[in-house]
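Hi,

Here is the structure I promised to pass on. Have a look at it first, and then read my notes below.

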Amino acid sequence: MALRTLSAKNAQKLDEELMSSGAFSIDQLMELAGLSVSQAVFKLQPLEKGKRILVACGPGNNGGDGLVAARHLWHYGYEPTIYYPKQSKNELYQRLKKQLEDLDVPFTDDFDAAVGAADHIVDAIFGFSFSGEVREPFPKVIQALRDTKVPVLAVDAPSSWDIENGPPSDGPGKGFQPPALISLTAPKPLVKHFKGRHFVGGRFMNKTIAEKYSLDVPKYEGLDQIAEVSVEGQKL
């Protein structure tokens, strides 16, 4: 099934609609998104292939999704480590951090060392709202994600990519093409430039909203919160 994409502008509108007429809270949406990310890791990186998961979190909602995913991964039996250099003071994010601390999930400031000790990496730095320049301390982090041989799962977008136009032509993200991507709610236009395994996650969209935004709802199997899909126009 080839899915249609959702622009950054419409993604923002859709989120707002889910939290108004859809009656979801941001906590619920973030929990479902993070659960989806954790299931993608479970599919890509079975426990027997290595349990050490580095989750790189940005300061916004994408980072919150990463924090939620890390909690679920711990409960699955993985050993997550969190890189979260620009921590939000928002109560929601502080609660997500506290939940991880209560599980003794370690936080690190040394990204290079954490990459060297990881079996898999979750890129939850920048999502669909990213625009402009990559600011410190993330340029070197994105370069490390680009250059590492450790497999990377990007959440909603490979960090530094333009949501509409895909990979940057220069800067720290030039040449960054992670082996896997999970699009939350629906794929964004950048996926047409993505060449790895692609999942859609976030099993919460109703038929009315899907039709309003001309979106396809993938066929989720059983308990799965994710579906592996292709995208219209994707050049593999």
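Before the rest, a word on the ground rules. This is a predicted model, where local features need pLDDT of at least 70, side-chain atom pairs count only at pLDDT 80 or more, and totals for chains, interfaces and linings use all residues. Residues are numbered from 1 along each chain as its sequence is written, and side-chain values use heavy atoms, with hydrogens and water left out.

Now the overall picture. The protein has seven helices and 10 strands (DSSP runs numbered from the N terminus: H or I of at least four residues for helices, E of at least two for strands). Its radius of gyration is 16 Å, close to the 18 Å that the globule rule gives for 236 residues, so the protein is as compact as a globular protein of that length. That radius is taken over C-alpha atoms, and the rule is 2.2 Å times the number of residues to the power 0.38. Of the 236 residues, 53% count as buried (under 20% relative accessible area; exposed is over 50%, partly exposed in between, with a 1.4 Å probe and protein chains only).

Helix α2 (residues 26-44) has 19 residues and reaches 27 Å from its first C-alpha to its last, close to the 27 Å expected at 1.5 Å a residue (the expected span is 1.5 Å times one less than the number of residues). Its buried residues include Leu29, Met30, Ala33 and Val37. Helix α3 (residues 61-76) has 16 residues and reaches 23 Å, close to the expected 22 Å. In α3, 12 of the 16 residues are buried, so this helix is largely enclosed by the rest of the structure. Among them are Asn62, Asp65, Arg71 and His72. After α3 comes Gly77, with a positive phi near 115°.

Finally, find His193 in the loop between β7 (180-184) and β8 (197-201). His193 is partly exposed, with a relative accessible area of 36%. Leaving aside neighbours within four places in sequence, His193 is in contact (heavy atoms within 4.5 Å) with Trp161, Asn165, Gly166, Pro167 and Gln177. His193 and Glu164 are 29 residues apart in sequence and 10.0 Å apart in space, C-alpha to C-alpha.

Cheers
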